[in-house]
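Please keep the sequence and the model in view while reading.

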Amino acid sequence: MLDSIRQNSQSWGVKLAFALIVVVFVFWGVGSMNGPSNSSVLATVNDTAIMMPEFRRAYELQMSAIKARFPGIDEAQFKQLRIGQQVLQGLISRTLLLQEAERLGMTVTPVELKTEIASIPLFQNAQGEFDPEVYKQMLAAQGMSAGSFERQFKEDLLTQKVRENAVISASVSDEEAREAFVYASEKRSMDYIMYSAIDFFKKATVTDEEIKAFYETNIGRYAVPAQVTIKFLAITPQGLAGSVIVDEAAAEAYYADNQSAFRTKEQADASHILVKLNENASDEEVAAATKKIEKVLKLARGGKDFGKLAEKYSEGPSAPTGGALGNFSRGQMVKPFEDAVFAMNDGEISEPIRTRFGLHIIKVNKLEKARIPAFEEVKGQIMTKLAEDEAADKVSATLDTVMEQMLSGKSLEDIAKEQKLTVATSPEFSRDQAAVAVGITKEAAEELFSVPSGTTVDTPLEANDGYIIARVESSKPESSMPLEQVSASIKEQLVADKSVELAFDAAKAASTKVLAGDIEGQPKVQTTPLVERKGFIPGVGAAEDVVKAVFEADGKKWMGPYKTAAGAVFVRLNTVDKPSEEVWLAAKPEVEKTLLQRKKQQMEQSFVKSLADKSEIVIKNNEILDNL
């Protein structure tokens, strides 16, 4: 918490933390050290209790942080993360560290505490000095009362001292750092003999009985979730906007007051041709790339179709689409590229431009200057916004009226006519598709899946800043795709699997000869480019056992066969590419820093575990954790 507050004191995380933790700072007369009253005990660590209020605060803070980072996360995913157990473990570790601080006689002096808190930018004025008034305003703005911040902060300082003491002996030698760097950076190429599964397709026969058996064994793959179709009234700002009449004069006034909000950014529509070039390329490599790009530039300026040249010569991912990059504004491309584009005119082709990706020639198709559109261009957008803003105030009243009419027995169609609403019909959707189909959550959709067709759900369902009132038109229970529908894909899968097995059998039959170095009559020997330890192997595919064997090899003997998705393969080491002394020296400081940090984390984890092993830790209320 201490380091996080120091480094990110203006972030949402810190503000959220301050909103969830009751704060006090006695040095400037802002409170006292009195803490909250105790409640039920969740766990005990030796003679220290972890109380439910403490756990709840930590849990809510963690939940809020996760929701802020992953807005779409749902309840089921939260349960999978087991946040409650993680939060409790963190509190247990914190308690163990505080008990160790007490055992070691570690303290935080009032001066230390005052200095650390005063250093937090959140409490400082424009001159970078602690300001009691700013601090008080922060408390007032967050609705904070006196309570526990000083104690919490003091405990953070203590736990940090214990951690630093536990890892004080951590060090990384030059040899250790270099060995780790070489291990991570080393690349190797390999020779391989591939028994391709494709060559065995015709021999891989599959019976109807095998298809049926696979289907029955893997029936879960072919599940079709329950589906519904509904008719509904949208009691939302968007749904009610159609009944609101907006005065054009009001729209013009809004436009006059908010013109800057409609300003469009400077935009470019451009295409490019890229010749790849490493940032650290040698003079020879730069010369070769320059020669190639200048040849293409001459063709482009000579009238050749730029898109076709890009398809033929570009080494970038946009080559298949003629080098087209589409529309973009400033800040979306690397700076040298962006600077060139926005200094050009429509139809112009640039000189070669160097970026970290390589050499580019750029064609600007169209440039659009930043501007404020005329009122007529955005009139519709403004009218819709004003209508929705006014409609938002009508959601609650309209919902009350609609519910009263429903209870009186009126149909959706009759209600829609009286309230000037539209009865919408949804596509067929499942629980997981409810948010996209009609704007309601998966949980709200449960109401729709719990009633038979023809039923109007008697409660409004929350949706898009409002509600929907829905009638289930059709309902299909969960089912499975019939065998006839999936038999062709199953057959393809089984043929592919059998082809791999046949290829592997053929490779095994040849293994005695190949492993002895006799490769006469075998498939052609091919060589891969250099690959990393966890890299995809061109021509072979993703094969961890193959990579492992090649990176452990200390000679050039054939190994295998190994089964891959492409068939079966024998491999042998071809070349080893280790980072140069120059590359190592450039990377050394960062490597040593990373390794030291990792070692400290490991030492700290081991230290906390040793404290836990020597302690009596009792979880008093597992039911609470199980329900989170």
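## Basis and confidence

The model is predicted: local features need pLDDT of at least 70, side-chain atom pairs count only at pLDDT 80 or more, and totals for chains, interfaces and linings use all residues. Residues are numbered from 1 along each chain as its sequence is written, and side-chain values use heavy atoms, without hydrogens and water.

The mean pLDDT (the predictor's confidence in each residue, from 0 to 100) of the chain is 85, and 90% of its residues reach 70 or more. Over residues 1-39 the pLDDT is below 50, although this stretch has 105 contacts (heavy atoms within 4.5 Å) in the model beyond near neighbours in sequence. Where pLDDT is low, the predicted coordinates should not be read in detail.

## Nonpolar cores

A nonpolar core is a set of buried Ala, Val, Leu, Ile, Met, Phe, Trp, Tyr and Cys residues joined through side-chain atoms within 4.5 Å; buried means under 20% relative accessible area, exposed over 50%, and partly exposed in between, with a 1.4 Å probe and protein chains only. The largest such core has 39 residues, and F55 and L88 have the most contacts inside it. Elements that each supply at least two of its residues include β1 (41-45), α3 (52-69), α5 (83-104) and α23 (581-613). Helices (H or I, at least four residues) and strands (E, at least two) are DSSP runs, numbered from the N terminus. The largest share, nine residues, comes from α5.

Leaving aside neighbours within four places in sequence, L88 is in contact with L42, A43, I50, F55, I619 and L625. Another core, of 25 residues, lies apart from this one; among its members are L240, A391, V395 and V402.

## A four-stranded sheet

Four strands form an open sheet in the order β14-β3-β16-β15, with antiparallel pairing (at least two DSSP bridges between two strands). Because β14 (525-527) and β15 (559-564) stand at the edges with a single partner strand each, one side of each is left without a neighbour in the sheet. Strand β3 (residues 187-196) pairs with β14 over three bridges, and D191 stands opposite T527 in β14.

Helix α21 (residues 483-515) packs on the sheet, touching β3, β15 and β16 (567-577).

## Helix α10

In helix α10 (residues 208-217), I211, F214 and Y215 are buried. On the other side of α10, E209 and T217 are exposed. The buried residues of α10 pack against β13 (479-480) and α21.

Definitions and conventions: Axes are lines fitted to C-alpha atoms, for helices over the stretch in contact, and angles run from 0 to 180 degrees between N-to-C directions.
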